Structures are given as C-alpha cells and as structure tokens.
Amino acid sequence: GRIDLDARTPTDFGTVRTAAGIGFSRSSGTLADVANPSGASQSATTTTPIMEYAYVQFAGITAGAARDNFSFMPSAIYGAQHWASFIINPKQLAYTATFGGGLSATIAVQDATDTAIAPVDGVNATTTYYAPQNEKNLNLVGNIRWDQPWGSVQVMGAGRQAQVLDTTGLTYNEEKSVWAAGGGVKINTPFTGHKENALWLTGAYADGMTEYTTAFGSNKIANWKRDLNGWQFNQPSIIAYSTGIESVKSWNAAALYQHWLTDKYRINAFGSYGQI
C-alpha cells in the first residue's frame with residue numbers, strides 16, 4: 001500500500017510545493033529479507049513503512065528527498081529498475097533553471113548514502129570496508145531537458161569521488177573519480193480519450209557507478225550470498241585492492257511504451273538490457 005501527498009500553496013513569490021510519499025509492505029518467507037543477503041535461510045516478516053520521497057520546491061529549488069536527477073523514464077511499476085528511478089529517492093539540494101522554449105537544466109548535489117553501492121573486496125573477501133553511508137563525498141548530478149509538443153529529450157550525467165577505507169587493518173584508504181552519463185527521448189503517440197500515450201527510450205554508460213545502469217534491488221542468482229538459489233543485493237560499482245580501486249564498467253538500454261485503453265485503464269510494456 002502507499003500514500004502520496006502533494007500540496008501547492010500560492011505565495012507572492014510563486015507557488016510553493018510540498019510533497020511526500022509513504023510506502024508500506026508486508027512480506028514473509030525464507031527469501032524475504034533481502035536487506036540481509038548473507039543469511040542462508042533466514043525467515044523474515046517486514047511491516048516497516050518507508051518514506052520514499054519528501055521535498056519542498058520553490059523558485060526552481062528542490063530540497064529534500066526527491067527523484068534522482070539522472071532519471072528519465074517514468075516509474076511505470078512500483079519498485080522499477082533504476083532506469084525508472086530509485087525506490088528510495090535520494091536526499092538532495094537541486095536547482096532547475098528554465099530558459100524558455102521548453103529548455104531547462106538541473107544541477108544537484110545528492111547524498112551518496114541513498115544510491116552508492118558498497119565496495120567489494122578484490123583480494124580474499126574477508127576485509128571489511130566502510131559502507132556507503134560512511135562516505136563523505138556527495139554525488140554531483142545534472143541534466144539538460146527539452147520538452148516539446150511531440151515529446152522530450154534529455155541528457156544527464158553524474159559523478160563523485162568514491163572512497164574506500166579498510167576498517168580492520170586500515171591498510172586501504174583510497175579514492176577514485178567515478179561517473180555515469182546517459183540520454184533519453186520520449187515520443188508522444190496519439191491520445192486515447194484525454195490520456196497521453198507515449199514511447200520512452202533511454203540508455204546510459206557508467207564507469208564505477210553501476211547503480212545508474214543496472215537493477216538497483218535484489219537479483220536472484222544461484223549459490224551466491226544465499227544457499228537457497230539465493231539473492232545478490234546489487235551489483236558492485238568499485239572493487240578495492242591494496243594497490244588501488246578498480247571501477248566497474250557497465251551500460252544499459254531500455255524502452256517503455258504506455259498505452260491508455262480508456263481514461264481509467266492503461267498498459268505499460270517495457271524491456272531493458274544491460275551489461276557489466
């Protein structure tokens with residue numbers, strides 16, 4: 001279940017928008033606890049509410065937890081792959097400038113805690129590293145978008161300084177620049193009643209930021225981190241060695257078509273391909 005709140009308040013200096021979304025879920029079973037992928041056969045029941053987004057927008061400024069500015073595709077289904085958006089929107093401070101003629105540009109600093117993937121040990125898988133929430137560097141994310149009656153075009157980019165610190169022997173203390181770039185196009189197709197049908201196409205390449213090109217969630221693969229034909233929680237973005245950081249290269253392409261059968265019912269058909 002979910003609750004979405006959206007309020008618009010007119011002021012002398014423009015409209016102030018406040019929005020929030022809360023998701024609730026309940027799951028049980030031996031493969032339910034994807035937050036703890038190291039357990040082989042752990043049973044879990046979860047009923048914790050999640051604040052997916054909560055932000056204020058005013059005079060081009062967005063402050064709070066909002067949709068990742070790298071995203072272009074719509075969230076056609078709950079919990080979509082990252083080409084739609086992260087389920088938990090990143091905390092950010094962003095500014096969007098509107099130039100007229102449908103052209104706009106956004107620049108943002110985003111909390112890497114909400115999107116970055118923990119480093120992987122490239123030696124013997126026994127060393128413990130700082131988790132992403134211990135990173136001190138922010139993501140820098142931006143996009144340029146052009147909206148027209150026929151559709152939209154967007155190019156986007158992201159980058160940061162990835163950090164690795166060995167918390168056991170403190171032998172690794174390294175940084176490396178990582179980045180991702182992508183683009184997308186939306187093509188409007190004939191209307192159904194009062195609803196807009198559309199085709200979205202997008203693609204991206206990442207060097208050390210696979211969170212922007214692959215499924216940000218749980219991928220079911222055999223004999224890895226769970227013995228019961230288990231789960232791997234996200235793909236790695238960086239691999240840490242004593243000699244330095246190796247960044248993982250990846251790319252993806254995706255398409256989504258949304259067609260309204262009536263003003264109340266729609267079909268979303270989508271597909272994607274990625275390589276790491």
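Let's say that two residues are in contact when they have heavy atoms within 4.5 Å of each other. Among contacts in this protein between residues at least 6 apart in sequence, 59% join residues at least 24 apart.

What you have here is a predicted model, so local features need a pLDDT of at least 70, side-chain atom pairs count only at pLDDT 80 or more, and totals for chains, interfaces and linings use all residues. Residues are numbered from 1 along each chain as its sequence is written, and side-chain values use heavy atoms, with hydrogens and water left out. As for pLDDT, that's the predictor's confidence in each residue, on a scale from 0 to 100. The average is 78 for the protein, and 71% of the residues score at least 70. Over residues 78-82 pLDDT stays under 50, and the model has 14 contacts beyond four places in sequence for them. Residues 216-233 also stay under 50, with 59 such contacts in the model.

On to the secondary structure. The protein has zero helices and 19 strands, where helices (H or I, at least four residues) and strands (E, at least two) are DSSP runs numbered from the N terminus. Of its 276 residues, 39% count as buried; that label means under 20% relative accessible area, while exposed means over 50% and partly exposed is in between (1.4 Å probe, protein chains only).

Strands pair here if DSSP finds at least two bridges between them. β9 and β16 (residues 238-241) run parallel and are joined by two bridges, and D121 has A240 in β16 as its bridge partner.

Now look at the aromatics. Rings of Phe, Tyr and Trp (its six-membered ring) pair if their centres lie within 6.5 Å; planes under 30 degrees apart are stacked, over 60 edge-to-face, and the rest tilted. By that rule there are five aromatic pairs. In one of them, W179 and Y205 have ring centres 5.6 Å apart and planes at 45 degrees, so the pair is tilted. W179 lies in strand β12 (residues 173-192) and Y205 in strand β13, so the pair ties together parts 26 residues apart in sequence. W179 is partly exposed at 39% relative accessibility, and Y205 is partly exposed at 35%. The rings of W251 and Y273 have centres 5.6 Å apart and planes at 50 degrees, so that pair is tilted. Here W251 is in strand β18 (residues 249-260) and Y273 in strand β19 (residues 266-275), so parts 22 residues apart in sequence are tied together.

Strand β13 (residues 195-207) also holds D207, which is buried at 14% relative accessibility. Its side chain makes a polar contact with the side chain of S247 at 2.5 Å. Such a contact is a pair of N or O atoms within 3.5 Å; within protein, one must be able to donate a hydrogen and the other to accept it, and residues adjacent in sequence count only if both atoms are side-chain atoms. Beyond its neighbours within four places in sequence, D207 is in contact with V178, W179, S247, V248 and K249.

Finally, a backbone detail. Most residues other than glycine have a negative phi. A59 has a positive phi of about 55 degrees although it is not a glycine. A59 is in the loop between β5 (50-58) and β6 (61-65), and is exposed, with a relative accessible area of 53%.
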